[in-house]
Amino acid sequence: MTVLTYITDLYNTFFATRSRAINTVFVTVISLLALFAVPTLANEYWLQAILIPFLIFALAALGLNLLTGFAGQLSLGTGGFMAVGAYSAFKMTTAWPELDIIAVFLISGFFAAGVGILFGLPSLRIKGFYLAVATLAAQFFLIWLFNRVPWFYNDNPSGTITAPPRTFAGVMITGPEAAAEVRYLVALVLLAVFVFFSWNLMRSRFGRAWMAVRDMDVAAEIVGIPLLRTKLLAFGVSSYLCGVAGALFVFLYLGSAETIAFDVNISFLVLFMIIVGGLGSITGSIIGAAFITILPIFLTNLNPILGIDLAVDLAKHIEVIIFGGLIIVILILEPHGMARLIQVSRERLRI
Amino acid sequence: MAFRNGLRRGMSGVLAAAVVAGGLSVAATTTLTGTEAQAADEQFIPLLVYRTGPYAPNGIPAANGALDYYSLINERDGGINGVTLAFEECEYRYDTKLGVECYERLKNQGPTGASIVMPLSTGVTYQLNPRAPVDKIPVHSMGYGQTAASDGRVFPWTFTFPTTYWSQASAFIKFVGAQEGGMENLAGKTIVLVYHNSPYGKEPIPTLQVLAEKLGYTLELLPVDHPGQEQRATWLQIRKIRPDWTFLWGWGVMNQVALKEAAAIAYDMERLIGVWWSSSESDVVPAGDDAIGYRGGSFHSPGAGFPLHDEILQTLYGGDAAAAAEKNFGEVLYNRGLLSSVYTTEAIRTAQAKYGNRPLTGAEVRWGLENLDLTEERLAELGLAGFTPPVKITCEDHEGNGPVIIQQWDGQNWNIVSDWIEPMQDVVRPMIEAAAAQYAEENNITPRDCSQEM
């Protein structure tokens, strides 16, 4: 019970709302729904094609938001860091099949963190767009590396990595025979753990140091925040989350992947998620991930729902137009992202 | 000012709430309850297509050909033995993730669910092969996909006929050897492979490497990254290497760019050979006259000169050749889409002979695929005499021996310039079995015993 009140407490601080009772009910209901109702009610299509990628992208967006939204370091290397997580998880689980797969996911993040810290080094000298270009180099280099060195994909002739069947506590959670419900729950629990972790981290000494560096790094340095350690820690923690997300992306969602699954589009997509969702907002990462992953699928399904019989190519073009249009509309209405939109509307509605 | 600001805030909040709530509720009600009910006597076939994006030049004709044949079966015959075909296209831009999303969306439609899936993408095929035994939906990757899946003992649910990339690579080497005046003359020659840097492009490499060791030619590998619009460096390297032969393993925009770049370095088109996915009208036309002399592989004839084409023209287009040409009628990839649909419908027919004339499940269609015997006579009945060699599938062999033919572009048309080339089965088949055995070991699969199958 104390944990629940604690979560609710954090939630209250975050949303700065009026009624605690409503929030306790809200959090409890959402958690119960996500844990029990969704896996039983949602069909395989919903779990496999919508909810699992949403949870995984939410984790990646959370990782990037810690770095970009909280610590102010713009990064376009998300796809590359995710790839590090995915390939290290693959190498570990094929080299030591007896190693617990959840442990593999968690350890693979450390490899990504190491690589992230390495590519974070230039952040001490360069800022903003220039740093974005440096991290973009990381993206291209890592993808090139995983494509070029056959050791990373165990000399598979086609260069793909495949998630082998692995169990956790007797339940199959990866591989083709793992049930969608199980994979959903694993992704959900891991995301919840990392959200909880991030919330605490942001309220800790480290989180406050990141925000100080974001707001003005010279001032932060003068009040005694070590820039080197702070920035590199941000890169490390962020890449850790992205790495775990990358491992989950292959093991829980795709099943098998080639490097193209982690190309620069993924980096942009995750960046759009946090911009649309809200920079510097943990809820925003999740809302942004929901918006970017679910909306296109929703638009694709819209035509049959409305009974409009469009050619598939025309429908796709219209979908892209609507999607882009909506992003612009949201950013004009609320430059701070959807998290702020929701906060404001909650205040208006007094809930 | 404060009032206007407040108003704006308020409106934006309401708007966002409305968008989110409305979107989610509509999506939830429709997708959760499944899409509209379909008639009980329909056989559902999902069509994964890409009519947009960098691969659309190739995706469109293939999709049109496949669609036209199913429409013809419905309009002319009222379906297969009275069972109407229901089909739905899903656009995925050759993006593996979207392709899998399409598959998940369509796999439970129709009274018996999706009965077969043709991804038209090696990347998507790699995703679906492990899922096929779980979902009980057979995958037919016709001349693409995972070559190792030709071993039906390890991959009961995947079919690669009529031929595979490894067979084609060995056939190319045979063809090149013949051009050089004998296989022994390949020793000391240099062959460059320009390939799409993806599972698709990497597929032929093991075969070409094994043959390089055997025959003594040098193999140079030049990858081109997706989507392949930038190849200047690649072709400058080719100018430096001065290869005797170049194989092009591209798809989509990459093909036209490759041909233009080859022309730019004045590469001899007679020494450039494209995979069957790199030799269609949409690949050569943009390069103009520079592409004349370029050759490519295929496993069926080009052109619209077969009786089946006449029937399609009369039944679906009312004899309007211009309207048909709009839909890529008779182009190489149109014909390939057509052939894919012929294989599908013939497999369904085979399965119906065993299970009865009703909508079949994926498992039943799988039996039909495994017992498919498309003879010369049957092809003639279909109006496709001489279009493609007959094919017979067995439990062990899901590839069916796959001969390859070489066609050449003369500036107007593709013309057949070789006989049917038998691939080097003695080299390819052991490689397939070894790769399949490795896959079986990695994924804890026990290969089935084909003598127990009926």
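A residue is termed buried if 20 or more other C-beta atoms lie within 10 Å of its own. The views below show a predicted model.

**View 1. Helix 11 of chain A and its buried residues.** Helix 11 of chain A comprises 14 residues, 264-277. From first to last C-alpha the helix reaches 20 Å, close to the 20 Å expected at 1.5 Å a residue. Its buried residues are A:I266, A:S267, A:V270, A:L271, A:M273, A:I274, A:I275, A:V276 and A:G277. Among the elements covering them are helix 3 (44-70), helix 6 (128-148) and helix 12 (282-306) of chain A. Just after helix 11, A:G278 adopts a positive phi of about 140 degrees.

**View 2. The largest nonpolar core.** This core has 128 residues, and B:L48, B:V117 and B:L193 have the most contacts inside it. Helix 13 of chain B (residues 332-355) supplies the largest share, 10 residues. Because domain 1 (42-164 + 304-400 + 427-452) and domain 2 (166-298) of chain B both contribute residues, the core lies between them. Another core, of 107 residues, lies apart from this one and includes A:Y45, A:I143, A:L254 and A:L279.

**View 3. The surroundings of B:L193.** Neighbours within four places in sequence are left aside here. The contacts of B:L193 are then B:P204, B:I205, B:L208, B:L219, B:L221, B:L222, B:F247 and B:W249.

**View 4. The contact between chains A and B.** In this view, 45 residues of chain B are in contact with 39 residues of chain A. Helix 1 of chain B gives the most to the side of chain B that touches chain A, with 14 residues. Other elements giving two or more residues include strand 2 (84-91), helix 4 (122-135) and helix 16 (425-442) of chain B. By class, this side of chain B has 16 nonpolar, 17 polar and 12 charged residues.

Notes: Residues are numbered from 1 along each chain as its sequence is written. Chains are lettered from A and ligands numbered from 1 in the order in which they are written. This is a predicted model: local features need pLDDT of at least 70, side-chain atom pairs count only at pLDDT 80 or more; totals for chains, interfaces and linings use all residues. A nonpolar core is a set of buried Ala, Val, Leu, Ile, Met, Phe, Trp, Tyr and Cys residues joined through C-beta atoms within 7 Å. A residue is buried if 20 or more other C-beta atoms lie within 10 Å of its own, exposed if 12 or fewer, and partly exposed in between; C-beta atoms are placed from the backbone. Helices (H or I, at least four residues) and strands (E, at least two) are DSSP runs, numbered from the N terminus. Domain bounds come from an automatic or database domain assignment. Two residues are in contact if their C-beta atoms, placed from the backbone, lie within 7 Å. The expected span of a helix is 1.5 Å times one less than its number of residues. Ala, Val, Leu, Ile, Met, Phe, Trp, Tyr, Cys and Pro count as nonpolar, Asp, Glu, Lys and Arg as charged, and the others, Gly among them, as polar.
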